[in-house]
Amino acid sequence: MLIISNYEEFAQYLNQELGCSEFHKITQQQINLFADATLDHQWIHTDEEKVKTDSPFKATIAHGYLTLSLIPYLWKQIVEVKNLKMEINYGIENLRFAQAVTVNSEVRLKTRLVGIANLRGVTKATIAIELEIKDQKKPAFTGEVVFLYHFEN
């Protein structure tokens, strides 16, 4: 795990891989809870019997936004940012969903720092992300996340 305490420490990793998280298993319980939280109960996610006959995946799949919502959890396994007043999720850019994540798949986040700027004392970090699916060639998604870090002086 990397530990970063200021802009200068972060900037030294520009255009470098930051690391990968541990694998996280997507369970049906997690999918069902996400469906409840988002009011998205489409059968492809929640109907374990119907998917066996009507889905090309033959299993339920995680919501794309569920996989995205794992970014903060998985990111914190890769980099610990210290000395902060505040951290803000600023945006997601160039996001592409490449492959469905079936129930009981294991996923992990792979990251690389592709941009960093000092905006009058606020660090804007752009991180290239890829959500890998264990034993699959294609990732679940690729894109870039942008974080704003307000470091203590």
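Author: Let us begin with exposure: a residue is called buried when its relative accessible area is under 20%, exposed when that area is over 50%, and partly exposed in between. The model here is predicted, and in it Q42 has a relative accessible area of 41%, so Q42 is partly exposed.

Reader: Where along the chain does Q42 lie, and how far apart in space are Q42 and H63?

Author: Q42 lies in the loop between helix 2 (28-38) and helix 3 (43-46). Although Q42 and H63 are 21 residues apart in sequence, their C-alpha atoms are 9.4 Å apart.

Reader: Is L70 buried or exposed?

Author: L70 has a relative accessibility of 7%, and therefore counts as buried. L70 is found in the loop between helix 5 (64-69) and helix 6 (71-75), and, when residues up to four places away in sequence are not counted, L70 touches H24, I26, Q30 and V107. The C-alpha atoms of L70 and L109, which are 39 residues apart along the chain, are separated by 8.8 Å.

Reader: Which residues have the most contacts inside the largest nonpolar core?

Author: In soluble globular proteins, nonpolar side chains tend to be buried together. Here the largest nonpolar core has 36 residues, and those with the most contacts inside it are F10, L18, W75 and I127. Among the elements that each supply at least two residues of this core are helix 2, helix 5, helix 6 and strand 7 (122-133). Leaving aside neighbours within four places in sequence, I127 is in contact with residues including F10, L18, W75, V145 and F147.

Technical notes. Residues are numbered from 1 along each chain as its sequence is written. This is a predicted model: local features need pLDDT of at least 70, side-chain atom pairs count only at pLDDT 80 or more; totals for chains, interfaces and linings use all residues. Side-chain values use heavy atoms; hydrogens and water are left out. Helices (H or I, at least four residues) and strands (E, at least two) are DSSP runs, numbered from the N terminus. Buried means under 20% relative accessible area, exposed over 50%, partly exposed in between (1.4 Å probe, protein chains only). Contact means heavy atoms within 4.5 Å. A nonpolar core is a set of buried Ala, Val, Leu, Ile, Met, Phe, Trp, Tyr and Cys residues joined through side-chain atoms within 4.5 Å.
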